[in-house]
Structures are given as structure tokens and as C-alpha cells.
Amino acid sequence: MTGSVLARAVACAVLLASIYPYGSPVKAESNPAVAKDARVAGDRERTRFIADLSKKVDVNVFALGNPYRVIVDAPDVNFQMPDGVGKEKRGLVTAYRYGLFAPGKARIVLDISGPFLIDKTFVLEARDDQPARLVIDLVPTDENTFLAKLKESRSPQAASAAPSALAQASSRPADAKPVVVLDPGHGGVDPGTSSATGITEKEVVLDFARALKAKLEATGRYEVFLTRDDDTFLPLRGRVELAQKKGAGLFLSIHADYFPKQTDKATGATVYTLSEEASDEEAKALAAKENFSDALAGVELPSDSDEVLANILIDLAQRETQNRSVTFARSIVGELAGKGSLHTRKLRSAGFRVLKAPDIPSVLLELGFLSNPDDEKRLTSDAWRDNTAAAVAESIDVYFAKRIARNPY
Ligand SMILES: [Zn+2]
């Protein structure tokens, strides 16, 4: 029975995912279920994941490989878990996380240490003083069996879902205001990095993006959109596509970094652009970490061949865009240097997936280091946010002023 349960669950999930890659057809219920606690029991031979819920919900459970994960999707769940839940390592489960995956769609992602099968999944009704319970049983298997089950359950649509490297941009009148898309990183099920005191990257970058949006709108010169304006996850490709749909003239992805060694030494902002070869080891490691966002949130990653194709298309269209990205990056460095809050004046670059719109100048700004207690204080202070958002808004003005001076038509 194990195979068919997994196969059916995966088939259903993959089909849904291919129709609604990051949206959801499900309307949020007025009275969502509350997830109050979760735990892992058992050992490597049989590992059980249990979540306590205020009422029964419909779940969609499926497996993903590379890395090994179990994804649990439910229409609407309000997570009120105790602090520290998800860090316990037991049996096949190395960690888990939870949060909104899309509006009205909750997700739990379990990280699994090796090839596995979903042996059983069920949701028990609440009874007497017992809460409703979601139960998932996992058993180990070999790599070939795992891959065979995944393949068996995959729909043809999902297999051909290559990244749309050259999505059609919206057509806008020539005299329209330039569109700036701000992209607060992470969100929902993916908190990003966090400080020792528990401040998460997803909160810090959303606050900053909102402040910057307000500054830009106050000039009356731009149309500004956020890729997310609440604690919801959005896949990296979805962020790029949103910028393309809005006809963005500029895309700024906003993050905060973490430097585990010498936590007091790494401080200040760093500006990154896209490149095939990373400028240095630190940039390479950072891009790998930021690109892992999709994997953390349980998004199926494009295959290597999709990536190669996307890279070829990007290469053809991107040289001019790349020059503009570097111009914008220099402008940010110039403005932030005046505020004394830069980690380095050097422009760094690496293969950031979120910067891959071939037609939109795109820059990634790491605001500072949540690992550094002084940076953490700055990142959460209204005065710092206001000042820094003003500097970045200024750098956007400088960028567009140069563009318009060079090419008035
Ligand atoms: Zn980040």
C-alpha cells in the first residue's frame, strides 16, 4: 500500500502545482484551523510526524527529492506553535518549518535525511479533550525506489515546466512613470536567516521594503510594487515574473545576511549583481544560501537542463541589462558609503536566481548582518531604516536621472 499512497498523493500535488505554481484557488476560510504544536516520534526505521490542530483539515502530502523533503499543504492554517518547534532532529527528520506558502495556503516542510517513502498519512478528528491530529509516517528506502516513485507520480505538465526566461513584459505607454519592483526576500514558510534574539530576515526586509516604497512614492516619480506585502512565501521565479508582468524598469531584492564566524566583525550593507562566475567565495556561498529559499519552502527546483536553457536565453538578452544593473549597484554603493554603513565598497556578484530577469536591471542588497548585535539594533531601528531607505531612494533617483539624460526618448 505504501507505494500507491505516495504515488496518489504526489500525483495530486504535482498536478495542482502545475496549474497553480504559486497561487492558490482555495479561498481563505473565515475560521482557519489553528496548529498549536508539532513533534517527531520514532526512529530511523519508522519516523512519525504529528501536528496538533484545532480541527480537521484537508491536507495534500507529497515527497520531493534533491534535497529530500516532505511537503504538507493545507488550505488555511493559523500557526501558533511554541518557540523552537521544528529544530528537533529525530529519526529520518532533520528539521521542519511551517508558514504561509501563498495567500490562504499553509505549508509544512519536513527535511529528510535520505531516501524515504510516505507510508501513511491521516488526519484524526478532535475527540473529547484530544485535539485533531495530522499524522505522517515515513520509512527509509533506497535511492532507486525513491526516484522511481517520484517519477511514477509526476504528470507530463509538471515535467515540462521550464522557467520562462523571457516572459512577456507588459506594454506601457512611453510617458508612463518608471516602475520599480522591490522584493523583500523570503516570507511565510521561509523565515530567511535570524539573529540570536530571534529577529528574522523576512520581517526586517519587509519593513525596509515598505519604508522604501513610501519614500519612492512620495517623490511622485515612480510606480512602485512589492513582490510581497505580508508574511507570505513567494518562489524566486515568481518574484522575477511579477517584475516582468509589471513592466519593471528596476528590480531590487532586499535581504539581510548572517556571518557565523566573528559575528561582531561582519557589519554593514553589501550590494550584489548577477554573474555566472561568483566574484569571490563569500558571494558564491551567499548566492547558494539565497537560492536555497525555494528548496526550504518545498518548491520543486528546475532540472539542470532547464537551467542550462534558461542561461543561454538569458545570455543573449542580458548584456545591456547587466551594464545597467552594475550602474545601479554603483549608485547604491555611492549613496550608502556617505552614510558609513557599507560592509564593502566592492561590487560583488554571483548566480542569484532572483536576479535572472534578462530584461530588467536587477540588484540584490544585503542590508546588514543579523549575526552582529550592533547591526541587529540598526536593522530594527526606525531611524536607521528611515535614513537608509532615503539613501537607497536617492540612488534610484540617480540611476534614472542618468538613464534619462543619456536616452531622453
Ligand atoms: Zn535572504
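Visitor: How much space lies in the largest cavity?
Guide: About 80 Å³. A cavity is a set of points, on a 1 Å grid over the protein atoms alone, where a 1.4 Å probe fits but cannot get out. Its volume is the space filled by probe spheres set on the points, with points joined across faces, edges and corners. This is a predicted model: local features need pLDDT of at least 70, side-chain atom pairs count only at pLDDT 80 or more, and totals for chains, interfaces and linings use all residues. Residues are numbered from 1 along each chain as its sequence is written, and side-chain values use heavy atoms, leaving out hydrogens and water.

Visitor: Which residues line the largest cavity?
Guide: Among them are L53, V72, D73, F79, R107 and L134; a lining residue has an atom within 4 Å of a point. The lining has 10 nonpolar, no polar and 2 charged residues. Nonpolar covers Ala, Val, Leu, Ile, Met, Phe, Trp, Tyr, Cys and Pro; charged covers Asp, Glu, Lys and Arg; the others, Gly among them, are polar.

Visitor: And which elements supply at least two residues each?
Guide: β4 (69-74), β5 and β7 (105-112). Such strands are DSSP runs of E, at least two residues long, and helices are runs of H or I, at least four; both are numbered from the N terminus.

Visitor: What about the second largest cavity, how much space lies there?
Guide: About 60 Å³. Helix α9 gives the largest share of its lining, 3 residues. By class, that lining divides into 4 nonpolar, 4 polar and 2 charged.

Visitor: Where do H186 and H255 sit?
Guide: H186 is in the loop between β10 (179-184) and α4, while H255 is in strand β12 (residues 250-257), 69 residues apart.

Visitor: Is H186 buried or exposed?
Guide: H186 is buried, because its relative accessible area is 5%. Buried means under 20%, exposed over 50%, and partly exposed in between (1.4 Å probe, protein chains only). H255 counts as buried too, at 4%.

Visitor: How many residues are in the chain, and what share is buried?
Guide: The chain has 409 residues, and buried ones make up 49%. It holds 10 helices and 15 strands.

Key. 1 Å grid on protein atoms, 1.4 Å probe; cavity = no way out; pocket = protein on both sides within 12 Å on 5 of 7 lines; lining within 4 Å.
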